[in-house]
Amino acid sequence: MANPTTNFGWVMPTSTDLVTDLPADFAVFGQAVDTSMAQLKGGTTGQILSKTSATDMAFTWITNDVGDITAVTAGTGISGGGTSGAVTITNSMATEITAAGDIIVGTGSGTFDNLPIGTTAQVLTADTTVSPYKVKWATPTATEPVAFWAEVASQQTFTASTDTKITFGTEILDSSGYFASSRFTPLKAGYYNLTANIAISGSGTGRNLIKIFKNGSVAYVLADYTTSANTITSGVNLLYFNGSTDYAEIYVYSTRTSPASEPNYIGGFQGYFVRS
């Protein structure tokens, strides 16, 4: 025996062997081939042969993946895919995020981008001038509460049974400068709670009414009392202002004789912003 094969090392009979040696030589050769090919045996219908390692003749029978999918195509937000073999797809939106707090923002039809997180206390704000996001992180504008308080500074007489505007000569509070000349003109649109407390004197029995005038016309009657004594007449109501031209004033109507508003420091004309 000599002349081993190049790839598997099977011992082959040589041409110089005697005829009587050939049967034994072929038996050795055949057994080597049988041993080498052992891992190719077996398997069932539909299985395919697969390598188990890089070692020569290291095979096993496996059931191949089955199905009728011929291609995986990546769409918007997905990358990868393929038409054969094992394919991988990736969520492109997820890989677009680079840090905690980042968000994905649409930048057009079927397009998107990563918007990095803003800073503490910022809010996400729409802004069509920002390209391509149309949104941005922004710090909210600080606004102080809108409130005012004014009092009657001196006695004001007025004609009975006539709507008379009350003069508030003492400003105690005017947070935003919206109160002037006994008129409240808020430049922030929204609902305001308005209160009026007026000390009214006079003689005889009659009605005392306190009214809110909006833009020069009566909007609400805050109070309506019939009395024969000097009293403090008060009322409260909620009123909407457009933030530009709307304004409010307090008027008094009294059917008593020689009516007058008296100085007092228990309320006067007050108001504050409630909500937009």
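**Labels and their grounds**

Author: The protein chain has an accessible surface of about 16,300 Å², by the Shrake-Rupley method with a 1.4 Å probe, where for residues only the protein chains shown count as cover. Carbon and sulfur atoms hold 55% of that surface. The model is predicted, so local features need pLDDT of at least 70 and side-chain atom pairs pLDDT 80 or more, while totals for chains, interfaces and linings use all residues. Residues are numbered from 1 along each chain as its sequence is written, and side-chain values use heavy atoms, without hydrogens and water.

Reader: What makes up the secondary structure of the protein chain?

Author: Two helices and 22 strands. These are DSSP runs, numbered from the N terminus: helices are H or I with at least four residues, strands are E with at least two.

Reader: Why is Ile69 called exposed?

Author: Its relative accessible area is 68%. Exposed means over 50%, buried under 20%, partly exposed in between (1.4 Å probe, protein chains only). So Ile69 counts as exposed. Ile69 sits in the loop between strand E2 (59-63) and strand E3 (72-73). Of the 276 residues in the protein chain, 28% are buried.

Reader: What makes Lys165 and Glu249 a salt bridge?

Author: Their side chains meet at 2.6 Å, N to O. A salt bridge needs a side-chain nitrogen of Lys or Arg within 4 Å of a carboxyl oxygen of Asp or Glu. The pair meets that limit. Lys165 is in strand E12 (residues 164-165) and Glu249 in strand E20, 84 residues apart. Lys165 is partly exposed at 26%, whereas Glu249 is buried at 3%. Lys165, Arg183 and Glu249 are linked in a network of salt bridges.

Reader: How do you know that Lys214 and Asp246 form a salt bridge?

Author: The N to O distance is 3.7 Å. Lys214 lies in strand E17 and Asp246 in the loop between E19 and E20, so the pair ties together parts 32 residues apart in sequence. Lys214 is partly exposed at 23%, and Asp246 is buried at 8%.

Reader: Why is Asp127 called buried, and how does Lys136 count?

Author: Asp127 has a relative accessible area of 16%, so it is buried. Lys136 has 33%, so it is partly exposed. The two form a salt bridge, with their closest N and O atoms 3.0 Å apart. The structure holds six salt bridges.

Reader: What makes up the largest nonpolar core?

Author: It has 26 residues. Such a core is a set of buried Ala, Val, Leu, Ile, Met, Phe, Trp, Tyr and Cys residues joined through side-chain atoms within 4.5 Å. Those with the most contacts inside it are Phe168, Phe184, Leu194, Ile250 and Phe269. E16 gives the largest share, five residues.
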